[in-house]
Amino acid sequence: MNRALPLLLILASCGSPTPLDGLRSDDPERAAAAAEAYLARGEAAIPELREALKDPDARTRKRVRGVLSKLSGQWGSDGDGILWKTSFDAAMAEARRRDLPILVLNLFGRFDQELC
Amino acid sequence: MTFSDRRVIEWVRTNFVACWESVADVRTATFDLGGGRKVTGTTGGEMAIFFCLPDGTVYDVLPALHSPQAVHAAAVEAAQFHDRLRVSKDREEEIRSYHRTRLAALPIAVESSKRQVYRDRHAQADPATKDLTRMLLSKAGVFLPTESIVVVEPGGMKFYKRRIHELLSQGGPRTPLALRKPVFETILGEPLTDRGAVTHSWDSPAPFSISESALEEDE
């Protein structure tokens with residue numbers, strides 16, 4: 001019995017759902033929760049999401065793009081573009097830290113949503 | 001998509017901290033065609049890029065939407081100007097002087113008479129006609145069953161940039177928030193209020209000629 005325990009644990013971990021499984025879900029609430037989990041990880045989640053853009057399912061790819069849009073701050077981003085701050089104060093803090101100027105795009109609507 | 005262009009992406013990522021702010025809602029106009037059919041599109045939707053020092057002081061502005069090439073060129077120039085400001089002992093005067101010099105070197109842009117006629121006609125039109133002409137002739141978004149498409153007419157640099165130089169060659173507050181109203185409302189002619197969703201009856205628009213209105217060549 002004791003010998004079987006590690007194997008059972010491995011099998012259990014293999015079966016545990018990942019956030020990507022959540023984005024693939026037919027359940028919109030589960031998909032939304034998975035998207036929130038990715039957003040909570042911030043920019044660190046971008047490499048994994050870029051890989052997920054290769055998912056064969058179109059709905060999953062659309063959801064992945066939605067998360068990437070929010071993380072990057074730009075609608076339609078594939079995660080390999082500009083990472084936008086959405087707060088001028090946060091941009092100033094980073095600009096001071098990196099001694100760089102700030103490019104501030106002012107626009108109507110939101111840049112991380114369709115049809116801005 | 002200007003900010004999906006590799007030249008722009010690489011330059012901005014390396015030389016700037018990028019930030020966006022929404023100045024107001026998008027304005028959408030819906031025309032009720034009857035029988036449950038509707039046409040909805042965005043009207044207006046200018047943008048402006050403010051180049052700021054790390055303390056938030058605006059030192060240059062690129063008004064309106066432009067091609068990736070134009071945005072890249074402006075960002076290169078802004079980064080170079082920032083290098084000068086970094087070592088300047090009087091940044092305020094350096095900024096004013098920079099814009100005075102640029103203003104003096106910029107030829108005065110003369111609006112063609114046909115464009116002026118179109119502008120006057122547009123100013124006097126009823127709201128529905130204004131919205132429909134803007135949807136069709138300039139910044140336009142069309143909602144289709146399968147996707148939404150935004151088509152934007154870039155340009156206006158020769159008219160707008162001169163006024164930016166005039167604005168920044170003077171003193172006064174220099175934050176993006178303080179400059180929002182003069183840049184959007186005074187220079188770009190894009191109101192910050194009267195946004196959101198508007199619905200018109202299809203009976204409202206007056207007849208107008210697209211081909212005639214679109215003519216912008218000098219006579």
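**Exercise 1.** Which residues of β1(A) are buried on one side, and which on the other?

*Solution.* The model is predicted: local features need pLDDT of at least 70, side-chain atom pairs count only at pLDDT 80 or more, and totals for chains, interfaces and linings use all residues. Residues are numbered from 1 along each chain as its sequence is written, while chains are lettered from A and ligands numbered from 1 in the order in which they are written.

Step 1. Strands (E, at least two residues) and helices (H or I, at least four) are DSSP runs numbered from the N terminus. A residue is buried if 20 or more other C-beta atoms, placed from the backbone, lie within 10 Å of its own, exposed if 12 or fewer, and partly exposed in between.

Step 2. Sort by face. In a regular strand the side chains alternate between the two faces of the sheet. On one side of β1(A) the buried residues are A:I102, A:V104, A:N106 and A:F108; on the other they are A:L103, A:L105 and A:L107.

Step 3. Conclude. Because 7 of the 7 residues of β1(A) are buried, the strand is largely enclosed by the rest of the structure.

**Exercise 2.** Describe the side of chain B that touches chain A.

*Solution.* Step 1. Residues are in contact if their C-beta atoms, placed from the backbone, lie within 7 Å. The contact takes 39 residues from chain B and 30 from chain A.

Step 1. The elements of chain B that each supply at least two residues are α1 (6-15), β1, β4, α2, β7 (148-151) and α7 (176-187). The largest share, 8 residues, comes from β1(B).

Step 2. By class, this side of chain B has 24 nonpolar residues (Ala, Val, Leu, Ile, Met, Phe, Trp, Tyr, Cys, Pro), 6 charged (Asp, Glu, Lys, Arg) and 9 polar (the others, Gly among them).

How values were computed
Two residues are in contact if their C-beta atoms, placed from the backbone, lie within 7 Å.
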